[in-house]
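Trainee: I would like to learn how to read packed helices and sheets in a model. Please show me the structure, and we can go through it feature by feature.

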Amino acid sequence: MATELLPLMELPVVPLRTMVLFPHAALPMTISRPGASQAIEAAGEDGLLAVVTQAHPEAEAPLGSDLYAIGTGAVVRQLSKNGLAPQTDQGAVMVILEGLERVAIVDVVQTQPYIRARVRRLASERPSVDTLYGAIRLNLVDAFVEMVQLSPQLPDELGTVARSIADDEALTDMIGSALIECSTSTRQDILATLNVRRRMDKLAELIAREVESLRIRERLRSEVQDRIAGSQRESILREQLKVIRKELGEQTTEDRASELRTKLDRAEMPAEARAEAMRELERLDDMPPGSPEHSMVRTYLEWLAEMPWNRTTAAPVDLIRSKVILDEDHFGLDRVKDRILEHLAVQRLRREQRGPLLCFVGPPGVGKTSVGRSIARATGRELVRISLGGTNDEAEIRGHRRTYVGALPGQIIRGLRRAKSCDPVFMLDEIDKLGKDYRGDPASALLEVLDPEQNFAFRDHYLDVPFDLSRVMFIATANVLDTIPEPLRDRMEVIELPGYIDEDKMQIAQRYLIPKQVEHSGLLLGLDLQFTDQAVLDIIRGHTHEAGLRRLEEQIAAICRKRARQVAEGAVGTLVVDPIVIQSLLGPEQFRVFSQLAERTSRPGVAVAVAWTPAGGELLFIESSQLPHGRGDVTLTGQMGDVMQESARTAMSWVRANAARYGIEADLFRTHDIHIHVPAGAVPKDGPSAGVVMVTSLVSLLTQRAVRPLTALTGEITLSGVLLPIGGVKEKVLAARRSGVTRLVLPHDNAPNLAHEVPAHLREPVDIRLARTIEQAVDLAFDDAIAKRSELTGTHRFRSRIG
């Protein structure tokens, strides 16, 4: 309803800086400003005046523009001048004002010596009472009562008073005056709201915020009290526990500190490490046992005490015994064994403890890790192995600094602690698979570990004292060298393990793999199961195709498991595993290399390349096809890399330039499209060594002559027709031998690599030919008649030259 206009009154005005006086509320205050005190004196005790809050509280002598438009008409209930005021407030008065009703300032008629204004009384707008209104009122009262219960500053009686007030206007004014946490502007907004319903809504929102704030403060106060009580309780329990342990004869904190000191005294630490340990031990004595730092310092001191500062396990060097152990554990690998024995011989003569860094590089399954175990056994050292594959945090090598929660030393220090020796054989597996990200470069951290000129004082971030790694024999393993950073590769002596031939695999299977798997299956070798040599060769050639031995061991294990089931079901006697049994247990052959070579190279346009992969050498087929009614375009497919695509284009250009030599019509390159494809399209391929194979494939296609059966080639080409040397000679020779290739064409400049890397008995089954030019290599790839003509111009059989 509309506000009724009431008659005007002229009253003294008391300005308040930050307080708001509500109707139906009493406000005691001390007034020291001259204008306000004179206004109260003008009204006198039981006199009327207007109390208005300043809109600009910083104004010392406010004017009418500094005041809010709405205030409260009040009566002076008690007035005391100077007597109750502090002695420093000269002229101050102590007064109690009781709010009566809301008033609006119409205009200011006087500002000196105090403010006097004409005001109009304001009547509140009372809404109609219905069910919703009643619910809002009840909810407001309940929320206010909860606020009173939670607030330590409001008396509990206020809740009872609020429930007893029947007048809604008086109720809202009483609640508004009790909101002590609200800002001045918020309380003034409540005062200026004449509609009782809207006033209730605003108060309900403010109370809800106040209740939530009080709940949070109560919870925080309760948590603090709980922590304090828990700390006191823990202190009492610790004292009781100390007494109980003393009665039971168990170790106390002092006993553990004494034991730790004894361990540190026996650790034989260097001077710098011992000084740091004693300093931390003194700090530990001054710390309360319950503090978090106490456990951190104690853990650090335990690491120092348990490190093998000067404990060695290496046995006296016995070359004969070491050679026997190496021969027992591994078949072949003569170069690796010789290098290990050379190192042991140097140690025996010079009494030198400094260990080398060997890096075994080879395909998976050739025995790199197992060689490390044999070295540890032959030298009498402890063996520590860590895998670096996927490691991309420098802290895994150097450790974390002790400032971090849960800090630990790096893998190097942890491995030495496990070994309890300062001179173990330390295997760094998969060093070629180190990562690198924002947390650092582990490969760079390894430089200090592996450098003999630095690792005698290796400083882990956690220990932060030097530790001598010069007596550790580090051995790294890798599949490839390309991914190892050059500075790290320079610190390693690389020993290659390219793979095994079929005869070596058969010997290893009969001596090591078969007895091992028979025992694991619970069988007796010779009584329950026996393998023939031919059966093992059939497994190697028909069911595996690898440079290593993992797949072979899996197939042997499968046969042993099947036989174990038969024995468990009641079978008796000895099962002799021959080729027929192999087919029944393992199924048909999975790798038919010989038939693939003969069949696929019988068509014109197909040639065989020998490629190097991280898993060893592999055969690669190059297929070419011509499409009539074309425009001379060349299509390359099979996931070729950039280098391989360049080789294909170079091959195409060379064949076009030398078309007359092979009787190829020149117009054919303008009227036909050429498509070169490398099968196994899901596998990425790259490298320059397939260039001569592509030339051979194109010549075969355009002359409609099939390549000589079981013939493979490799070599990089140039436009001038020179055949350039390639890498991975041994792997490629072994792959050709393993796949049944009878003739292998290599670049002539690879003759030294062939003589040094491939023993004569490995070359014997393969007719290895060396070619200086592309023409010689192409002639050797076709029938013998053409090859004889090539021999007269500089092509040689490798066996007759250096065999």
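Trainee: How do helix 2 and helix 3 run relative to each other, roughly parallel or roughly antiparallel?

Mentor: Two packed helices are described by the angle between their axes and by the distance between those axes. In this predicted model, helix 2 (residues 131–150) and helix 3 (residues 157–164) pack at about 165 degrees, and their axes are 8 Å apart. An angle over 145 degrees counts as roughly antiparallel. Helix 2 and helix 3 are therefore roughly antiparallel. Helix 2 passes helix 3 in a right-handed crossing.

Trainee: Which residues of helix 2 and helix 3 meet?

Mentor: From helix 2 come V141, D142, F144, V145 and V148, and from helix 3 come L158, G159, A162 and R163. The residues of this contact of helix 2 with helix 3 divide into 6 nonpolar, 1 polar and 2 charged.

Trainee: At what angle do helix 2 and helix 4 pack?

Mentor: Helix 2 and helix 4 (residues 168–178) pack at an angle of about 30 degrees, with 12 Å between their axes. That makes helix 2 roughly parallel to helix 4, since angles under 35 degrees count as roughly parallel. The crossing of helix 2 past helix 4 is left-handed. On the helix 2 side the contact is made by Y133, R137, L140, V141, F144 and M147, and on the helix 4 side by D168, L171, M174, I175 and A178. These residues of helix 2 and helix 4 divide into 9 nonpolar, no polar and 2 charged.

Trainee: How do I read a list such as that one?

Mentor: Look at the spacing of the numbers. An α-helix has 3.6 residues a turn, so residues three or four places apart point the same way. In the helix 4 list, L171, M174, I175 and A178 can be read with that in mind.

Trainee: How do helix 8 and helix 9 cross, and is the crossing left-handed or right-handed?

Mentor: The axes of helix 8 (residues 271–285) and helix 9 (residues 292–306) come within 10 Å and cross at roughly 150 degrees. That makes helix 8 roughly antiparallel to helix 9. The crossing of helix 8 and helix 9 is left-handed. Helix 8 contributes E276, A277, E280, L281, R283 and L284 to the contact, while helix 9 contributes E293, H294, V297, R298, Y300, L301 and L304. By type, the residues of the contact of helix 8 with helix 9 are 7 nonpolar, 1 polar and 5 charged.

Trainee: Let us turn to strands. What is the order of the strands in the open sheet?

Mentor: Strands of a sheet pair through backbone hydrogen bonds, either parallel or antiparallel. Here an open sheet of 5 strands has the order 8-9-12-7-13, and the pairing is parallel. Its edge strands are strand 8 and strand 13 (493–496), each of which pairs on one side only. Neighbouring strands of this sheet are turned by 20 degrees against each other on average, direction ignored.

Trainee: How many bridges hold the pairs in the sheet?

Mentor: Strand 8 (residues 383–387) and strand 9 pair over 5 bridges, with V384 opposite F426 in strand 9. Strand 9 is joined to strand 12 (residues 473–478) by 4 bridges, and F426 stands opposite F474 in strand 12. Another 4 bridges join strand 7 (residues 357–361) to strand 13, where F360 stands opposite I495.

Trainee: Is strand 9 buried or exposed?

Mentor: In a regular strand the side chains alternate between the two faces of the sheet. In strand 9 (residues 425–429), 5 of the 5 residues are buried, so the strand is largely enclosed by the rest of the structure. V425, M427 and D429 lie on one side and F426 and L428 on the other, and both faces are covered.

Trainee: Which helices lie across these strands?

Mentor: Helix 11 (residues 334–350) lies across strand 7, strand 12 and strand 13, and runs at about 150 degrees to strand 13. Helix 12 (residues 368–379) lies across strand 7, strand 8, strand 9 and strand 12, at about 175 degrees to strand 9.

Trainee: How many residues of helix 25 are buried?

Mentor: Helix 25 (residues 729–739) is mostly covered, with 10 of its 11 residues buried. Among them are E731, K732, R737 and R738. Just after helix 25, G740 takes a positive phi of about 90 degrees.

Technical notes: Residues numbered from 1 in each chain as written. Predicted model: local features only at pLDDT ≥ 70, side-chain atom pairs only at ≥ 80, totals over all residues. Heavy atoms only, no water. Axes fitted to C-alpha atoms, helices over the stretch in contact; angles between N-to-C directions. Helix = DSSP H or I, 4+ residues; strand = E, 2+ residues; numbered from the N terminus. Parallel < 35°, antiparallel > 145°, perpendicular 65-115°, else oblique. Left-handed = near helix turned anticlockwise from the far one by under 90°. Contact = heavy atoms within 4.5 Å. Nonpolar A, V, L, I, M, F, W, Y, C, P; charged D, E, K, R; others polar. Buried < 20%, exposed > 50% of the residue type's maximum accessible area, 1.4 Å probe, protein only. Pairing = 2+ DSSP bridges.
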